Amino acid sequence: MSDEQRKPGIDTVAIHAGREPEAGSRSIAPGITLGTNFEQATDGSYPGGFSYGRSGNPNRNRLEVTMASLEGGATAVAFSSGTAAAMAVYSLLKPGDEVLACRDAYHGILHTLDEIVTHWGVTVTQVDTTDADAVIEAIGPKTKMLWVESPTNPMLWLCDIAALSGIANEHGLIFAVDNTFATPVLQSPLRLGADFVVHSATKYLGGHSDLTGGIVVGARDDEQSEWVRNYQVGAGAVPSPFDCWLLQRSLATLPVRIRTQSANAARLAEYLLAHDRVSKVYYPGLASHPGHQLAAQQMSEFGAMLSLCTGEGRRDAMAVLARFKIVTRATSLGGVESLAEHRASTEGPRTRAPENLLRISVGMENVDDLIDDFKQALN
Ligand SMILES: *Cc1c(COP(=O)(O)O)cnc(C)c1O
């Protein structure tokens, strides 16, 4: 490849896309524009390109430019949460339509589908999206959308994004991938044929457990992306200027964070696999993981989420949880600090997570300190 053809690497994109110095002051770091309304010229036009805060804001624009560049999409649309971002994609569905959803998708998203999306006459069918044949079999005349996560939560299933995109394409389905666990650094669903990528920015994109946000990135500048853009303004779940600023700031370090976290997770998974108090380790980087080959093809590294099973049931798993000194007991994921939770308790009565399962979000601490903490907690 000649120099002219070579595209900037994702580390460069994360630092430079949408980050031109401020007009006027030339500040390297963008300021935060809190204003909700913008002055009109005498002819009624808006010289700065902004009219009203819900319709558009400079910090939101910058963030959307960064995210579209990171995912290699045509447009990015920011929301006040990952759930609001998912809702924007679901709003493409009409009464009578069916969505096929990954059976191991984030439990909150499955609740949103079951309790809110069905309310306007959409059918939601959960499928084992690790099995392409099961997906083909589930497609009927009303099926309009395929919703997939990979890796999934909390079982770390791997779904073949390129294969599913081929199937979706053949049947005229909108294909959306929740890329929250992998991030654009480890996986590029749009390049594998997805129509939309959705993120809970609350997780790795934010990365510091201090903001709630969501993003939809569209592969093309088409009618459907335009719908999502209009939904952002019309449904109104827009992120605050401060959250946009904070999220864009965090994206600059996303590549180093996720790679460090991934490397820590890989070391920890090997340690846990060899531990006699751990009966199962779910991590796509382990050769024993059923999705390992696929993960090696479709991801550049294996991510920083893992689940383990220990003891007989809830009590044993909770006892391990109680003994952690560095790893923090909390839900959510993707922050610089390592977190552990008893997933079945978090998900509640409808959970499918085994009672002895702990879900771990591996952070950026020194990995030997993390391994020592697991050693003392398990023994
Ligand atoms: C957290 C999460 C969501 C929901 O995002 P919120 O920001 O909490 O609304 C969606 N998908 C995945 C994979 C998640 O982990």
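**Close-up views of a predicted model**

**View 1. Strand S7, residue by residue.** Gly-214, Val-216 and Gly-218 point one way from S7, Ile-215 and Val-217 point the other way, and all are buried. Buried means under 20% relative accessible area, exposed over 50%, and partly exposed in between (1.4 Å probe, protein chains only). S7 covers residues 214-218 and is mostly covered, with five of its five residues buried. Helices (H or I, at least four residues) and strands (E, at least two) are DSSP runs, numbered from the N terminus. This is a predicted model, in which local features need pLDDT of at least 70 and side-chain atom pairs count only at pLDDT 80 or more, while totals for chains, interfaces and linings use all residues. Residues are numbered from 1 along each chain as its sequence is written, and side-chain values use heavy atoms, with hydrogens and water left out.

**View 2. The partners of S7.** Strand S1 (residues 75-79) pairs with S7 in the antiparallel sense over five bridges. Two strands pair if DSSP finds at least two bridges between them. Thr-75 stands opposite Gly-218 in S7. Strand S6 (residues 196-200) also runs antiparallel to S7, joined to it by five bridges. Here Val-197 stands opposite Val-217 in S7.

**View 3. Val-197 in strand S6.** Val-197 lies in S6. Its relative accessible area is 0%, so Val-197 is buried. Not counting residues up to four places away in sequence, Val-197 touches Glu-71, Val-177, Asn-179, Pro-189, Leu-190, Ile-215, Val-216 and Val-217. Contact means heavy atoms within 4.5 Å. Asp-178 and Val-197 are 19 residues apart in sequence and 5.8 Å apart in space, C-alpha to C-alpha.

**View 4. Ser-225 in helix H8.** Ser-225 lies in H8 (residues 223-235). Ser-225 is buried, with a relative accessible area of 4%. Its side chain reaches the backbone oxygen of Arg-220 at 2.7 Å. A polar contact is a pair of N or O atoms within 3.5 Å; within protein, one must be able to donate a hydrogen and the other to accept it, and residues adjacent in sequence count only if both atoms are side-chain atoms. Leaving aside neighbours within four places in sequence, Ser-225 is in contact with Thr-75, Phe-196, Gly-218 and Arg-220.

**View 5. Asn-59 in helix H2.** Asn-59 lies in H2 (residues 58-71). Asn-59 counts as buried, at 2% relative accessibility. A polar atom of its side chain lies 2.8 Å from the backbone nitrogen of Thr-33. Beyond its neighbours within four places in sequence, Asn-59 is in contact with Gly-31, Ile-32, Thr-33, Pro-241, Cys-244 and Trp-245.

View 6. The buried residues of H6 (residues 161-170) are Ile-161, Leu-164, Ser-165, Ile-167 and Ala-168. Seen down the axis of H6, they fall within an arc of 160°, so they line one face of the helix. The arc is that of the directions from the helix axis to the C-beta atoms. The face turned away from the buried side of H6 carries the exposed residues Asn-169 and Glu-170. The cover over the buried residues of H6 includes helix H5 (132-138), strand S4 (143-149), strand S5 (174-178) and helix H11 (292-298). Gly-172 follows H6, with a positive phi near 65°.

View 7. H14 (residues 367-378) has twelve residues. Val-367, Leu-370, Ile-371, Asp-373, Phe-374, Ala-377 and Leu-378 of H14 are buried. They cover an arc of only 160° around the axis, which puts them on the same side of H14. Among the elements covering these buried residues are helix H10 (254-273), strand S8 (278-282), strand S9 (305-310), helix H12 (314-323) and strand S12 (357-361). Asn-366 caps the N-terminal end of H14, with a side-chain oxygen 2.8 Å from the backbone nitrogen of Asp-368.

**View 8. The open sheet.** Five strands form an open sheet of mixed pairing, in the order S8-S9-S12-S11-S10. S8 and strand S10 (328-329) stand at the edges, each with a single partner strand, so one side of each is left without a neighbour in the sheet. Strand S11 (residues 339-342) and S12 pair in the antiparallel sense over four bridges. Ala-340 stands opposite Ile-360 in S12.

Methods
The expected span of a helix is 1.5 Å times one less than its number of residues.
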